[in-house]
Every structure is written in C-alpha cells, then in structure tokens.
Amino acid sequence: MNTMNIHDKTIALVTGANKGLGFEISRQLAQKGIEVLLAARDANKGAEAAEKLQSEGLDVQFIKLDVTDSTSITAAEQEIRDRFGKLDILVNNAGVLLDWGVQPSELDISTLRQTFEVNFFGAFNVIKTLLPLIKLSQAGRIVNVSSTLGSLGDTLNPNSPYFGFRGMAYQSSKTALNALTVQFAKELADTPIKINSACPGWVQTDMGTTDALLTVEQGADTPVWLSTLPADGPTGGFFNSRKPLAW
Amino acid sequence: MNTTFTTQNKVALVTGANKGLGFEISRQLAQKGITVIIGARDVSKGVEAATKLQSEGLTIHPVQLDVTEPASIEALPNFLKEHFEKLDILVNNAGILLDWGTPPSQLDINVLKKTFETNFFGAFAVTKAVLPLLRQSEAGRIVNISSHLGSLADTLDPNSPYFSFQGMAYQASKTALNTLTVQFAKELADTPIKVNSATPGWVKTDLGSTDAPLTPEQGADTPVWLATLPADGPTGGFFMERQPYPW
C-alpha cells in the first residue's frame, strides 16, 4: 500500500451523516472524488449508510462520532491523524430541532440546553479538536450547516415565509453557530482555511418533514459548494442558494 | 420577612446589580421614582449596594439572585408577589466576560459553557420565570444587556474600533441573547410588553476595565431609556446610544 497516495486524496468529514442532509452532502462530496468519512453516533446506522454509498461506487467510510462527547471527538481525531495525517474538509452538519412550534415562554430550559449541546457546543468542540488536522491541509474548508431560521434579519421580516416559525432554541443555536463561523474565520484569516455558514433551505428530511420545499439533493448544493471553494472564495459568510444571507 | 412594599410606583428588577453597570441602571431607574429590586448573587454585597442607594434617598430593595441557580430563580416570582405584588421592568444585566483576548481555537469549552450559563441560559430562565408577572403590568418592559461585541455585522467590519477584539464565548453569548430578544418580542407582539437589547457601549466597570471610554452613568442611558419606553416605543430591537444597531 502506498501511503503517500492516500495522503494526496482530499479527505472530508461530515457529522450527523447517516441520513438526511448529511448523507446527501457525503454522497455529493464523494461524487467529486473526495474520500468521505461519514460520521454518526450510532455505529450500525453509520456503517449501513456508508455501505449504501459504497454500493454506488463511492469512496465513503464510516467513522464513529458523537459531537456531544469529547472522548468520542478526540478518538475520531486520533483515527484520522493515524490514517490520513490531515483533514481537508469538515462539515458540521449534526443538528437537532426539538422545539418546532414552541413559544419562547413555553420552552423548557432543558430543551434549550440540549439543543445547544449538539448544534453549538458540539460544533465548537469538533472544530476545535480537528483544527490542528485541518491546518495540515493545503486548502482547509469548514462548513457549518446553519439555517435561515437563525437569521435575525429574516425572523424580523414580516414578508419572510418563515416569519411565523416558532423554535427559539433551534433559532438561537443557529445564530450562535454563525457567531462561531465569524470568529473562527477572523482567527484563520491569514491561513488557507475558509469557514462559512450554509443554509440548505427547507429540506425534505426527518427534521424538515415532507412539507419541505426542497429535495435533499437541492439542499446539499450550497454546503457542498462551500466545502469545495477555490482559494479566492469567501470566508466568514452565511449563504443560501450560494448567495449571501442577512445575519 | 413578611413586609409588603405595596406601591403605586413602577417596580423594576435589575440582575447583577450590586456593582458596575447594573448598580448605575438601578440608581437611574430609582431616580425616576421607580422601586428597584437589585439582584445579587452575594446577599451581603446586595445589601451593601442597596444601603448605599437608599442613603441617596432612593427606593431600593436587595434580593439574593443567582441567575445560574434554578432554586434561586424559582423563588423569584413568589418573592416579587409577596413583597411588591407586581413587576413592570426586568433588566437582564448579569453577565460575565471570561475570554477577553482568547482566540476561538484556544477557548476552553468549559469557559464557553460557563459564559452561556450566565449570559444566555440565565437571562432566559429569569425572563421565563417573571414573564407571568410582567404580563400583568400595564406597560411591561424587558431589557437585555447585550453588547456591540455581539453584533455579527460589527465584528466583520474592519473599520470598527472593536474589529480586533477576541472573545468568542462572550460575543456568541450576546449574539444568542439578541435572538432571545427578538423571539420573545415576536411572541409578545400583541401585548403591551416591549423587549429590546441594549449595548451600553464600552464602560468603565470591572468587566470593561479602566481603559473604557464611557462612565457607567453614560452606559446606563440606553438601558434606562429602553426600560422606560412609552407605549409607542420600539420592540424587538438592538440599540446603542438610543439608535438602532446592526445585528
């Protein structure tokens, strides 16, 4: 086995990737010839999802990762370091929506905390732990899967189709995730690493329900685009349909 | 203590009010004839601060309040009902800045979580706890003490004097707090209650350091203005020097 050739390949990690948007992002990245580490909490579901993409002839492998568990993140970092010596693309896709339709005054604080554990603290911990590996890439890319629902400008716009949406825990966790995007982008401004937030739109997944307007194929487009930005691409931005969104 | 301080005056609660900005906001509200309850974690410091303002002829009462302690928050509504029978104004001022000068990649996740406990989850818990009382007020006002450092637009503006500030935990917690402002304002849009975020500016306090350009007297102006808005005043906004500030 020629290890150097493995190192030359672009390596991507997608969290929460055993289904829905993360699964589709993994597929589309692999279709571009990228070796994808499909990360999931549940080993059975993760392995099954990876096998499905392998059967399509794609270079996808399961890696166990629970974003709320520091030990699990550290173990994944060690595995990637040992096998590839670097990481080129990180897509922080793992996320939960637990308070759809709940008014802020009716929101249980434990639901608020649980949402932040995955959507915000989890994303932070994964970035922080994997950043040394991403710094070893020639063209590191970090994509935080955020949401238009986390846009303060949008949620205050009575003409937005999402104006009537209620889900403060989810919304504030995505706004906070955007702050993370911006602050890491500023710190990494002098490096080749680009970090951006992507809103996939309202996508037909378990989270988005069948009422959603977009297929997962459509939803994955902007995250995949940001994952594979050229050297002169943007950083520290928030995008939907490849266009800047209001904070 | 079984005393009931029944009053025709408005009643305000200011959290984290034994010193700095919260202390000055309490003073200026009381100078307008408002009965002010100053919340402090340390009851002896709260009593000392109240005594000082009482000696200026102001109507001030201390209450032990730790915004990160569920028991402390649960006791709050009954305390307010028993002694004051109402609440008109809530100023969520309690806040901590633990990561000034720390790049995101060096931030300890425990510091990030601790910051959110006080600045975000604490503000949410207090707001939720006293909201039933504020709904009974004829002109309920909620002011969340945010920061220009939590403005995503400002932190991305190379011409901002705060462009080089690093403190992602503090910044993201204030961005998230702005989301709380917006979502509660939307829920309460059909009530007399107004919810706004204020940035006091960079103020000479223990948090702001002596390098800050503004006195606490100047910093308290916008929060006090928002706490006493007339019926036709704004809600769901973010203000500095009484002017809208970008998210």
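What is the handedness of the crossing of H4(A) and H5(A)? In this predicted model, the crossing of these two helices is right-handed.

**Packing of H4(A) and H5(A)**

- Helix H4 of chain A covers residues 70-84 and helix H5 of chain A covers residues 109-134; their axes lie 10 Å apart and form an angle of about 20°.
- Because angles under 35 degrees count as roughly parallel, H4(A) and H5(A) are described as roughly parallel to each other.
- From H4(A), the residues A:Ser70, A:Ile73, A:Thr74, A:Glu77, A:Ile80 and A:Arg81 meet A:Asn125, A:Val126, A:Thr129, A:Leu130 and A:Leu133 of H5(A).
- By class, the residues of this contact comprise five nonpolar, four polar and two charged.

**Helix H7 of chain A**

- H7(A) runs over residues 168-187, and its 20 residues reach 28 Å from the first C-alpha to the last, close to the expected 28 Å at 1.5 Å a residue.
- Of the 20 residues in H7(A), 19 are buried, and the helix is thus mostly covered.

**Contact between chains A and B**

- Chain B and chain A each contribute 30 residues to the contact.
- On the side of chain B that touches chain A, the elements giving two or more residues are helix H4 (109-136), helix H5 (152-155) and helix H6 (168-187) of chain B.
- H6(B) gives the most to this side, with 12 residues.
- The side of chain B that touches chain A consists of 19 nonpolar, eight polar and three charged residues.

Note on methods:
Residues are numbered from 1 along each chain as its sequence is written. Chains are lettered from A and ligands numbered from 1 in the order in which they are written. This is a predicted model: local features need pLDDT of at least 70, side-chain atom pairs count only at pLDDT 80 or more; totals for chains, interfaces and linings use all residues. Two residues are in contact if their C-beta atoms, placed from the backbone, lie within 7 Å. Helices (H or I, at least four residues) and strands (E, at least two) are DSSP runs, numbered from the N terminus. Ala, Val, Leu, Ile, Met, Phe, Trp, Tyr, Cys and Pro count as nonpolar, Asp, Glu, Lys and Arg as charged, and the others, Gly among them, as polar. Axes are lines fitted to C-alpha atoms, for helices over the stretch in contact, and angles run from 0 to 180 degrees between N-to-C directions. Angles under 35 degrees count as roughly parallel, over 145 as roughly antiparallel, 65 to 115 as roughly perpendicular and the rest as oblique. A crossing is left-handed if the near helix is turned anticlockwise from the far one by less than a right angle, and right-handed if clockwise. The expected span of a helix is 1.5 Å times one less than its number of residues. A residue is buried if 20 or more other C-beta atoms lie within 10 Å of its own, exposed if 12 or fewer, and partly exposed in between; C-beta atoms are placed from the backbone.
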